[in-house]
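Colleague: I have not seen this structure before. Could you take me through it in short steps?
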Amino acid sequence: MNEKKTQQDALNDYTAGRTGLDETNETLKEMGSPLRLDPTRNLFTAEELMETRVGETPAEANGWGIMDHGVGCLEKVHIVDGKCVSCDMGEEAAYVYIGGRKYRLRGDALTEED
């Protein structure tokens, strides 16, 4: 394992399809992260990965990602034109990893990180 890899790197690799769920969980475990991907909640199909795209702005993101809202479990979310159609986080802090990128989720809209 690359010692410099971060939790964000591991989740970006997973959402970009560069690593699988088991490999990502092993990487997270080795780095001491408490986060784990749940195969019943966080697994992407090949079709979902193929339809996932990000662009220059958060509004160009479409497809499937993983949301971290700070409670220890990660949620699979559907994004359409930079909006989360799976949930609205209101004022709560949350982040979405999609297509190898990380965005801040404000309400239901992806934004650049703080």
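Modeller: Some terms come before the tour: two strands pair if DSSP finds at least two bridges between them. Helices (H or I, at least four residues) and strands (E, at least two) are DSSP runs, numbered from the N terminus. This is a predicted model, in which local features need pLDDT of at least 70, side-chain atom pairs count only at pLDDT 80 or more, and totals for chains, interfaces and linings use all residues. Residues are numbered from 1 along each chain as its sequence is written, and side-chain values use heavy atoms, with hydrogens and water left out.

Colleague: How many residues lie between strand 4 and strand 5 in their hairpin?

Modeller: The hairpin formed by strand 4 and strand 5 has 2 residues between the strands, and Gly99 in the turn has a positive phi of about 55 degrees. Strand 4 pairs with strand 5 (residues 101–106) in the antiparallel sense over 5 bridges. Within that pairing, Tyr95 has Arg104 of strand 5 as its bridge partner.

Colleague: And how many bridges join strand 1 to strand 4?

Modeller: Strand 1 (residues 63–68) is joined to strand 4 by 4 bridges, and the two run antiparallel. Ile66 has Tyr97 in strand 4 as its bridge partner.

Colleague: How many residues of strand 4 are buried?

Modeller: Of the 5 residues of strand 4 (residues 94–98), 4 are buried, so this strand is largely enclosed by the rest of the structure. Buried means under 20% relative accessible area, exposed over 50%, and partly exposed in between (1.4 Å probe, protein chains only).

Colleague: Let us change topic. Which residues of helix 2 are buried?

Modeller: In helix 2 (residues 21–30), the buried residues are Leu21, Thr24, Asn25, Thr27 and Leu28. They line one face of the helix, because their directions seen down the axis fall within an arc of 160 degrees; the arc is that of the directions from the helix axis to the C-beta atoms.

Colleague: What do they pack against, and what is on the other side?

Modeller: The buried residues of helix 2 pack against helix 1 (7–15), where contact means heavy atoms within 4.5 Å. Asp22 and Lys29 are exposed on the other side of helix 2. Just after helix 2, Gly32 takes a positive phi of about 85 degrees.

Colleague: Last topic: how many disulfides are there?

Modeller: The count is 0 disulfides, a disulfide being a pair of cysteine sulfur atoms within 2.5 Å. Cys84 is in no disulfide, as the nearest cysteine sulfur, that of Cys87, is 3.6 Å away.

Colleague: Is Cys84 buried or exposed?

Modeller: Cys84 is buried, with a relative accessible area of 5%, whereas Cys87 counts as partly exposed at 21% relative accessibility.
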